[in-house]
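Subject: Structure for you to look at

Hello,

Here is the structure I said I would pass on. Please open it first, then read the notes below alongside it.

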Amino acid sequence: MGLIKQGLKLMGTHAIVSLIQFIFIPPLLSIFENQIYQWLVGLVCIAMFWLIVYADMSKVGLDDAKKDAFAQYKGFIAGLLASIPSIILYLLAIAMEPSGSVNWFEIALRLWLIPYTKIFTTFDKMMPHIAIIPIALFPMVAGISYIDGLRKRKQILKAIENSEATRAERSKVNISFQK
């Protein structure tokens, strides 16, 4: 799959996860006023988001390794391409920050990065500057996940090799049972 197409697919995955979490996070966070519970929900949301990105990108890495089209940089570039909306919203939120009215770009940034909502609400005074951390982490998570696809491919090939190596031994066992 091409880099641009993979970046767009990853951006779509990000949008879908953000939409789903937009629906479910507010009710989950409002169940209890306990900060420990709210942090636990926030961390679970981040973990779910990263696991979805991991599953998506490691599958692409595995497929590319099967086709001999694997390049270690592909996952990082796809993650960077998928981060373009976040980067644009971040820059616009910074540009509009000094004004006294409502910063709609910061609100849009918070919605786009809703898996990190607990972090943003806790460090509200640092918004939108704290948003650069998840924006920078996204390409890294995507790239490392893509590289893990190659590791999975090597594991599969090693398992096949081990199976082939023990095939002759297993055949002998089957022959002795037939006698």
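**What was found**

Thr122 is partly exposed, with a relative accessible area of 35% (buried means under 20% relative accessible area, exposed over 50%, and partly exposed in between, with a 1.4 Å probe and protein chains only). This residue, Thr122, is found in helix α6 (helices are DSSP runs of H or I, at least four residues, numbered from the N terminus). The C-alpha atoms of Thr122 and Ala71 are separated by 39 Å, and the two residues are 51 apart along the chain.

Before going on, note that this is a predicted model, in which local features need pLDDT of at least 70, side-chain atom pairs count only at pLDDT 80 or more, and totals for chains, interfaces and linings use all residues. Residues are numbered from 1 along each chain as its sequence is written, and side-chain values use heavy atoms, with hydrogens and water left out.

Helix α6 covers residues 117-122, and Thr117 lies in it. Thr117 is buried, at a relative accessible area of 19%. Not counting residues up to four places away in sequence, Thr117 touches Ile25 and Leu29 (contact means heavy atoms within 4.5 Å).

Next, the helix pairs. Two packed helices are described by the angle between their axes and the distance between the axes. Axes are lines fitted to C-alpha atoms, for helices over the stretch in contact, and angles run from 0 to 180 degrees between N-to-C directions. Angles under 35 degrees count as roughly parallel, over 145 as roughly antiparallel, 65 to 115 as roughly perpendicular and the rest as oblique.

Helix α1 (residues 3-29) and helix α2 (residues 35-66) have axes that come within 11 Å and cross at roughly 160 degrees. Helices α1 and α2 are therefore roughly antiparallel to each other. Residues making this contact include Leu10, Val17 and Ile25 of α1, and Val41, Phe49 and Val53 of α2. By class, the contact of α1 with α2 has 14 nonpolar, five polar and two charged residues (Ala, Val, Leu, Ile, Met, Phe, Trp, Tyr, Cys and Pro count as nonpolar, Asp, Glu, Lys and Arg as charged, and the others, Gly among them, as polar).

Helix α3 (residues 74-82) and helix α4 (residues 84-96) pack at about 45 degrees, with axes 4 Å apart. Helices α3 and α4 are therefore oblique to each other. Leu80, Leu81 and Ala82 of α3 meet Ile84, Pro85 and Ile87 of α4. This contact of α3 with α4 has six nonpolar, no polar and no charged residues.

Which residues touch the most other members of the largest nonpolar core? Of its 24 residues, they are Leu10, Val53, Met57, Leu109, Leu113, Phe120 and Ala131 (a nonpolar core is a set of buried Ala, Val, Leu, Ile, Met, Phe, Trp, Tyr and Cys residues joined through side-chain atoms within 4.5 Å). A second, separate core of six residues includes Leu29, Tyr37, Val41 and Cys45.

Last, two backbone details. Most residues other than glycine have a negative phi, and most peptide bonds are trans. Asp68, in the loop between α2 and α3, has a positive phi of about 55 degrees although it is not a glycine. Asp68 counts as exposed, at 71% relative accessibility. The peptide bond from Met127 to Pro128 is cis, with omega near 0 degrees, and Pro128 is found in the loop between α6 and α7.

Regards

Terms used:
Helix = DSSP H or I, 4+ residues; strand = E, 2+ residues; numbered from the N terminus.
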